[in-house]
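Subject: Structure handover

Dear colleague,

I am passing the structure below to you, and I would be glad if you could read the notes alongside it.

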Amino acid sequence: MVRIVIIFFSVIFVAMSPARGADASVLLQQFEGRWTSDGPAFGGAAHSVMRWAPALNGKFFRLDYSVAVTRDDGAAFTFEGVAHYQLGEGAELSAYWADNSGDLHPIRAEREGDALIAHWGVEGAKQGRTRYELLPSDEVEVTDWIRTGDEWRQFNQNRFARQAGD
């Protein structure tokens with residue numbers, strides 16, 4: 001009987017404890033490393049690289065993102081950006097994004113299962129969202145949307161493979 005009571009209260013305690021696995025910071029740690037993708041982006045063939053790493057004495061997680069694009073007409077360019085996600089407990093994180101097009105956006109990120117959804121921009125100006133989903137295949141699928149008027153338009157989707165040694 002004592003054993004049953006102990007098991008019962010153990011189950012209740014676990015069920016009522018905050019789920020450490022629901023923390024967005026824990027998910028970012030699973031993204032740590034260098035990831036690459038080859039596929040279409042920005043209207044051309046592209047090689048994309050993202051690197052997730054702890055930064056600033058472990059208070060943040062840094063994302064470096066680059067997309068080298070070659071269009072059918074031979075025009076080539078590279079899009080680059082960086083984000084810093086402030087680590088903390090809970091399913092939501094604050095961050096910012098800056099890129100070589102001159103954009104600087106605040107980010108409100110939330111964990112949804114094995115995905116981090118970054119809502120970037122501000123109401124009344126440029127807004128978007130990016131979903132980083134860790135797949136069972138140990139790939140990360142990245143999908144981007146931009147808000148146009150009252151609608152969301154997807155403009156990018158790629159699967160990234162983890163690079164060995166990272």
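Predicted model: local features only at pLDDT ≥ 70, side-chain atom pairs only at ≥ 80, totals over all residues.

Residues are numbered from 1 along each chain as its sequence is written, and side-chain values use heavy atoms, with hydrogens and water left out.

The largest pocket holds about 380 Å³ of space. A pocket here is an open set of points on a 1 Å grid over the protein atoms alone, where a 1.4 Å probe fits and protein lies on both sides within 12 Å along at least five of seven lines; lining residues have an atom within 4 Å of a point. Grid points are joined across faces, edges and corners, and the volume is the space filled by probe spheres set on the points. Of the 20 lining residues, F79, W97, D99, W120 and F155 are the closest to the centre of the pocket. β10 gives the most to this lining, with three residues; strands are DSSP runs of E with at least two residues, helices are runs of H or I with at least four, and both are numbered from the N terminus.

β8 (127-134) is among the elements that give two or more residues to the lining. Six of the eight residues of β8 are buried, so β8 is largely enclosed by the rest of the structure, where buried means under 20% relative accessible area with a 1.4 Å probe and protein chains only. β8 runs antiparallel to β7, joined by seven bridges, and seven bridges also join β8 to β9, again antiparallel; strands count as paired if DSSP finds at least two bridges between them. R131 of β8 is the bridge partner of I117 and stands opposite T143 in β9.

The largest nonpolar core has 31 residues, of which F31, M50, W52, Y85, I107, L116 and Y132 touch the most other members. Such a core is a set of buried Ala, Val, Leu, Ile, Met, Phe, Trp, Tyr and Cys residues joined through side-chain atoms within 4.5 Å. Strand β3 (residues 60-70) supplies the largest share, five residues.

F31 also belongs to helix α2 (residues 24-31), where A24, S25, V26, L27 and L28 are buried along with F31. Leaving aside neighbours within four places in sequence, F31 is in contact (heavy atoms within 4.5 Å) with W52, L116, Y132, L134, V140 and R162.

Kind regards

Note on methods: Buried < 20%, exposed > 50% of the residue type's maximum accessible area, 1.4 Å probe, protein only.
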